[in-house]
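Open the model in your viewer and keep the selection panel at hand. The tour goes from one selection to the next and says what is there at each stop.

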Amino acid sequence: MTAAGDDAAHRTGRRPSRRTVLKAAGATALAVSAASALAGPAYAGEDSEDSESSTRDFIVIGAGFAGVTAARELRARGKRVTILEARSRIGGRTWTDTFAGQQVEMGGTWVEPTQPHIAKELKRYSIGLEEEDPLDRMLLPTPKGPKAFTPAEGNAAMGPLFEKLFEGSKQYFERPFQPLYRADLLQKLDKLSLRDRLNELKLSPADEMLINGQTAIYSGGASSEGALTMLAQWWSMAGWNNEGWSDTQRYRMKPGTVGMLSAMINEAKPTIVFNAPVASVAESGNRVHVTTRAGKTYSAKGVVVAVPVNVWHTIKFTPGLPAAHTAAASQGIGVKNALKIWIHAREGQGRFYGQAAEGGSPIPMFIPYKKTSEGQLYVGFSVDPKLDPTNTAQVKDAVKKLGADLDIIGLRAQNWGADEFSRGGWAFRKPGQLTSLYPDVLNQATNRITFASGDIAEGWTGFIDGAIESGLRAAQLANGEM
Ligand SMILES: Cc1cc2nc3c(=O)[nH]c(=O)nc-3n(C[C@H](O)[C@H](O)[C@H](O)COP(=O)(O)OP(=O)(O)OC[C@H]3O[C@@H](n4cnc5c(N)ncnc54)[C@H](O)[C@@H]3O)c2cc1C
């Protein structure tokens, strides 16, 4: 069952049209300004919060989209919630910041107005979207080196290859928001990596190069690491075509991701304790005791654990977790060495999109952002642990491999793999995880301990939409409604 079981998209697997959703979301309205959002929510230091408070119903661990959604939904059910957050800010793997005078996102950024939960939240808080400006050109790999294509040529070359890669997905993901709906068709398929599927297709080297950069980066470095069914599910939710798939990198929230999160927090009014990394969660009788690394214990009737799956193994759970949760914790779902880098360069190269073939560059995906007074901002993605994102020469060389020579003014990066509170970036399931772990990780771990994370969403796993979906489901589970 999905968190939004009555949602048309969930029932039929069809997407509403973008025009309908943009209209509903009030795409030009902007009720939440970035400035007010950055001012932040109510804050309680560890010392001022009454750890034994008998009026507290739930503790939510983690103030990312999943945790904040769960807190808001529990509050809507009349529950008192305390959020314990390890960092000094909200947002987790989303982080609205400033670089080269522009508002930038250091983590999750783009939302698709047809993503069901994003659509509802945009409308609820009258948050507008900003569309990326069009590209000048696409630099794509060929056997003779990088070549410039017009965006129309580039997409016309890649689209049919993706269609081949995901052939059959209309059947095996008949309802892509309920990925196990055709579990009968998925048992064998889910064991395939994207590399297995590419090998089956026997594409020409030129054709393979055009798409294996994407299959590799999303998987975490090598196409052999990621499950075919993960990318195929994203493709299916995006409407089973390249236009929908490309649109997942088209819109940003005007007030930044922090704008939506802050609006949610203003509604949830939880107590938030920052700088409070949790070390253990112990269920005992009709209470759960949550102890921070600093040794302070908070208790409540129930706990929603809304930290990334890759972090689960750093928290001691009593009683131990069920088998599927233990397996997910040891295998991990977030891509290990994910790094996002902002590059500020002098004018000259314009708005180009760059993509390398698998193994072709330490920064295999490169996207233009805004102009600045001095030049142009770009954003790159890397999963190469050897890349030093502070080293201008290394970054320049990585971009040269895509076919562009940049005059770099400044760099700013966030290494999500090295960050102890994420231990990885976007979620991307490994072969077998959907069919072996999912039926169980979607459920409660114990009567009083529930998990929420964009890493274990039914729909947009690895996206903000998925984190919201998971937070909604966790609140229902924790409140005994499912
Ligand atoms: C580089 C990058 C690019 C991405 N791009 C997109 C995109 O364009 N569009 C999109 O929709 N999604 C994107 N994503 C994915 C999206 O950001 C995530 O799916 C989503 O933010 C996950 O939310 P969450 O609440 O599940 O987890 P998180 O955001 O990770 O939140 C978990 C929270 O738990 C806290 N925490 C961790 N350990 C502890 C502890 N021991 N005690 C207390 N608190 C703890 C963390 O500090 C964090 O605040 C991207 C992710 C990355 C990394």
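Select Thr 372 and show what surrounds it. Beyond its neighbours within four places in sequence, Thr 372 is in contact with Ala 100, Gln 102, His 344 and Leu 377. This is a predicted model. Thr 372 sits in the loop between strand E18 (365-371) and E19. Is Thr 372 buried or exposed? Thr 372 counts as buried because its relative accessibility is 15%, and the cut-off for buried is under 20%. Now display the polar contacts. The side chains of Thr 372 and His 344 are joined by a polar contact of 2.7 Å. A polar atom of the Thr 372 side chain also lies 3.1 Å from the backbone nitrogen of Glu 374.

Next, select Ala 100, one of the residues in contact with Thr 372. Ala 100 lies in the loop between strand E3 (96-99) and strand E4 (102-105). With a relative accessible area of 31%, Ala 100 is partly exposed. Check the backbone here: phi of Ala 100 is near 50°, a positive value in a residue other than glycine. Most residues other than glycine have a negative phi.

Go back to E19 and select Phe 381. This residue lies in strand E19 (residues 375-382). A UniProt record, an unreviewed entry, places the feature "binding site" at Phe 381. Phe 381 is buried, with a relative accessible area of 12%. Which residues does Phe 381 contact, leaving aside neighbours within four places in sequence? They are Trp 110, Ile 217, Leu 339, Lys 340, Pro 362, Ile 363, Pro 364, Met 365, Ile 367 and Trp 426.

Now select the ligand and the residues around it. There are 37 residues around the ligand, and Glu 85, Arg 93, Trp 110, Gly 454 and Ile 464 come nearest. Trp 110 is also among the contacts of Phe 381. By class, the shell around the ligand has 21 nonpolar, 12 polar and four charged residues. Helix H4 (65-76) and helix H17 (464-478) each supply at least two residues of that shell.

Look at the polar atoms of the ligand one at a time. An oxygen atom of the ligand lies 2.7 Å from a polar side-chain atom of Arg 93. For Ile 464, a polar backbone atom is 2.7 Å from an oxygen atom of the ligand. A nitrogen atom of the ligand lies 3.2 Å from a backbone N or O atom of Ala 86. On its own the ligand has 1,000 Å² of accessible area, and the protein covers 98% of this.

Select Trp 235 next, in helix H11 (residues 228-237). Trp 235 counts as buried, at 2% relative accessibility. Not counting residues up to four places away in sequence, Trp 235 touches Gly 159, Phe 162, Glu 163, Phe 166, Ser 169, Trp 240, Asn 241, Asn 242 and Trp 245.

Lys 430 is the next stop, in the loop between strand E20 (408-415) and helix H16 (433-441). Lys 430 is partly exposed, with a relative accessible area of 29%. Its contacts, not counting residues up to four places away in sequence, are Glu 225, Ala 227, Gln 331, Gly 332 and Ile 333. A polar atom of the Lys 430 side chain lies 3.0 Å from the backbone oxygen of Gly 332. The C-alpha atoms of Lys 430 and Met 230 are separated by 7.9 Å, although these residues are 200 apart along the chain.

Two backbone details remain. Select Ser 126, in the loop between H5 and strand E6 (129-131). Phi of Ser 126 is near 50°, and Ser 126 counts as partly exposed at 31% relative accessibility. In helix H5 (residues 116-124) itself, the buried residues are Pro 116, His 117, Ile 118, Ala 119, Glu 121 and Leu 122. Then select Pro 319, in the loop between strand E15 (316-318) and helix H14 (323-331). The peptide bond from Thr 318 to Pro 319 is cis, with omega near 0°.

Finally, zoom out to the whole protein. Its secondary structure comes to 17 helices and 21 strands. Of its 482 residues, 59% count as buried.

Key. Residues are numbered from 1 along each chain as its sequence is written. This is a predicted model: local features need pLDDT of at least 70, side-chain atom pairs count only at pLDDT 80 or more; totals for chains, interfaces and linings use all residues. Side-chain values use heavy atoms; hydrogens and water are left out. UniProt positions are given in the numbering used here, feature names are shortened, and annotations may be inferred rather than shown by experiment. Helices (H or I, at least four residues) and strands (E, at least two) are DSSP runs, numbered from the N terminus. Buried means under 20% relative accessible area, exposed over 50%, partly exposed in between (1.4 Å probe, protein chains only). Contact means heavy atoms within 4.5 Å. A residue is near a molecule or strand if one of its heavy atoms lies within 4 Å of it. A polar contact is a pair of N or O atoms within 3.5 Å; within protein, one must be able to donate a hydrogen and the other to accept it, and residues adjacent in sequence count only if both atoms are side-chain atoms. Accessible areas come from the Shrake-Rupley method with a 1.4 Å probe; for residues, only the protein chains shown count as cover. Ala, Val, Leu, Ile, Met, Phe, Trp, Tyr, Cys and Pro count as nonpolar, Asp, Glu, Lys and Arg as charged, and the others, Gly among them, as polar.
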